[in-house]
Amino acid sequence: AECVSGCVCPEGLFDDGKGGCVEEKDCPCIHNNQWYYSGQKVTVDCNTCTCQKGFWSCTEDICFGTCMIYGSGHYITFDGKFYDFDGNCEYVATQDFCGDKNSSGSFSIITENVPCGTTGVTCSKAIKMFLGKTELKLENKDYKEIQRDIGDDVHYWNRTVGLYLVIEASNGVMLIWDKKTTVFIKLTPGYKGKVCGLCGNFDDKSNNDFTTRSGLQETNALKFGNSWKQSFMCPDVTQEIKPCDVKPHRKSWAEKECSIIQSEVFKICHSKVDPIPFYEACVHDACSCDSGGDCECFCSAVAAYAQECTKAQACVFWRTPDIC
């Protein structure tokens, strides 16, 4: 829209937005407030967009959906909804049997949450992944396989990539675990609108992600989260815990450490991924981890933002000998 013919440039030439005049074929494009010249490419999700005569032309590949669970009870659903839920129980993160009478599900992923620190917030301690008749349990930096009697054969592969253990299954489900408190669940597009749990329903709309186990739309994260607990013996979560209020002496340290997310170090990413929710989650975690591992909680929180930046094509080098 910036490239318009007018009295700025001679007949047949167009204003390039930078005080110059160019031919139509050389018109630039804008993405995230940055200018790109004709022929330059950007990556959006898993698609590549090329600037052509002032307009973006994009490939239309279908992209994996990703749900992220990290630190002390932070969730980002497949559709990008960000919320906190601190429950001390096992919960359905995502599964594809969702109440439809004829749906025979092929997988289920359960997260077991336990208190981390003394403020009452919880972290993911173990993950259970049910693939057909195979159950995988991931905890204590390792995983073990248990064979059950019922279910189909679903093949899976595992590999280690850097810090992460990656489990990829033949039914289009992938789980990436940092062997601590961060889990990424990736699904192929065939599961759009067919999954349920704490990760939402993957239908490209974030406003209906709080769908309870009984199929009701909820606005309250606590009621939504409680509906997905695996055992009725677990107590419901009744109030949101604010660890910095419980441990006010940790608050200034937490804010000082977490300010790296809003600093120059991550500047290249700020226009692509909003830092505010990640900063708030970082302060929450840095206040709450008060029984050892406090640096680990802080590092996981910053790493979560760095990971989203990388996905948005903003590579940030933030780890130093002094930080994480």
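I note here that the model is a predicted one.

*Entry on β18 and β19.* I checked how the two strands run. β18 and strand β19, residues 183-187, pair in the antiparallel sense over five bridges. They form a hairpin, with five residues between the strands. In that turn I found Lys179 with a positive phi of about 70°.

*Entry on β18 and β17.* I then turned to the pairing with β17. Strand β17 covers residues 164-169 and pairs with β18 in the antiparallel sense, over four bridges. I looked up Ile167 and noted Leu175 as its bridge partner in β18. β17 and β18 also form a hairpin, here with three residues between them. Gly172 sits in this turn and has a positive phi of about 85°.

*Entry on the side chains of β18.* Which residues of β18 point one way, and which the other way? I listed Val173, Leu175 and Trp177 on one side, and Met174 and Ile176 on the other. In a regular strand the side chains alternate between the two faces of the sheet. I also looked up the burial of β18, which spans residues 173-177: five of its five residues are buried, and the strand is mostly covered.

*Entry on an open sheet.* I next followed a sheet of five strands. The sheet is open, its order is β11-β12-β13-β14-β15, and the pairing is antiparallel. I recorded β11 (90-95) and β15 (142-147) as the edge strands, each pairing on one side only. Neighbouring strands of this sheet are turned by 25° against each other on average, with direction ignored. Glu90 has Glu112 as its bridge partner in β12.

*Entry on Phe224.* I found Phe224 in helix α1, which covers residues 221-227. Is Phe224 buried or exposed? I put it down as buried, because its relative accessibility is 0% and the cut-off for buried is under 20%. I then listed what Phe224 touches, leaving out residues up to four places away in sequence: Tyr83, Gly197, Leu198, Asp209, Phe210, Thr211, Thr212 and Glu218. Last, I looked up a distance to Val246, which lies 22 residues from Phe224 along the chain. The C-alpha atoms of Phe224 and Val246 are separated by 25 Å.

How values were computed: Residues numbered from 1 in each chain as written. Predicted model: local features only at pLDDT ≥ 70, side-chain atom pairs only at ≥ 80, totals over all residues. Heavy atoms only, no water. Buried < 20%, exposed > 50% of the residue type's maximum accessible area, 1.4 Å probe, protein only. Contact = heavy atoms within 4.5 Å. Pairing = 2+ DSSP bridges. Axes fitted to C-alpha atoms, helices over the stretch in contact; angles between N-to-C directions.
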